[in-house]
Amino acid sequence: MPLYENVFIARQDISGAQVDALADTFTQLIAEQGGEIKKREYWGLRNLAFRMNKNRKGHYMLFNIDAPAAAIAELERTMRINEDVLRYLTLRVDQLDEGPSAVMQSRGSREDRPRRDRDRYESRDRYEPRESSEAIPERAVERPPEPSPAETDKVEA
């Protein structure tokens, strides 16, 4: 059977449990059509690039599917009808990735990074006046020559 990857975005105002229930419904639909969901990943509530139907965020879900084309057509028809699904995208692939997707890998690397310490940024928060000679370096701007005393006398006269 052909292999597919499907990602759908659900509305932001439904809970994570409702997103799981929605994904279970889609999984059952694929199973009834003779297919199988090989992998299912919940990517979480993420910001959208632009507003979709008054939503600024969305719940992202990824399916790796091994199913006939008729099952995918029925899945997309059901997603199109469902009001909780903002967008979906299905791609046919040559093989399915066994490991975590790129989104889940980047999430893991973000969690591995050390958290910022307040001590590290303390010096930025405090105001420490500096001496004027150190604070402003001599600028390399050409200044007009100062008039000689003879020229100032001519202007005053």
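The crossing of helices α1 and α2 is right-handed (near helix turned clockwise from the far one; left-handed means anticlockwise by less than a right angle). Helices (H or I, at least four residues) and strands (E, at least two) are DSSP runs, numbered from the N terminus. The structure is a predicted model, in which local features need pLDDT of at least 70, side-chain atom pairs count only at pLDDT 80 or more, and totals for chains, interfaces and linings use all residues. Residues are numbered from 1 along each chain as its sequence is written, and side-chain values use heavy atoms, with hydrogens and water left out.

The axes of α1 and α2 come within 9 Å and cross at roughly 150 degrees. Axes are lines fitted to C-alpha atoms, for helices over the stretch in contact; angles run from 0 to 180 degrees between N-to-C directions. The crossing angle therefore makes α1 roughly antiparallel to α2 (over 145 degrees; under 35 is roughly parallel, 65 to 115 roughly perpendicular, the rest oblique). Contact means heavy atoms within 4.5 Å. Phe26, Leu29 and Ile30 of α1 meet Ala71, Ile72, Glu74, Leu75, Thr78 and Met79 of α2. These residues divide into 7 nonpolar, 1 polar and 1 charged (nonpolar: Ala, Val, Leu, Ile, Met, Phe, Trp, Tyr, Cys and Pro; charged: Asp, Glu, Lys and Arg; polar: the others, Gly among them).

An open sheet of 4 strands runs in the order β2-β3-β1-β4, with antiparallel pairing. Strands pair if DSSP finds at least two bridges between them. β2 and β4 (85–93) stand at the edges with a single partner strand each, so one side of each has no neighbour in the sheet. The twist averages 20 degrees from one strand to the next. Helix α1 (residues 16–32) lies across β1 (3–11), β2, β3 and β4, at about 30 degrees to β3. Helix α2 (residues 69–81) also packs on the sheet and touches β1, β3 and β4. Its direction makes about 165 degrees with that of β4.

β2 (residues 36–52) and β3 (residues 55–66) pair in the antiparallel sense over 11 bridges. Lys39 has Asn64 in β3 as its bridge partner. Asn47 stands opposite Lys57 in β3. The two strands form a hairpin with 2 residues between them. Asn53 lies in this loop, with a positive phi near 50 degrees. Lys54 lies in the loop between β2 and β3, and its phi is near 65 degrees, positive in a residue other than glycine. Asn53 counts as exposed at 61% relative accessibility (exposed is over 50%, buried under 20%, partly exposed in between; 1.4 Å probe, protein chains only). Lys54 is exposed at 71%.
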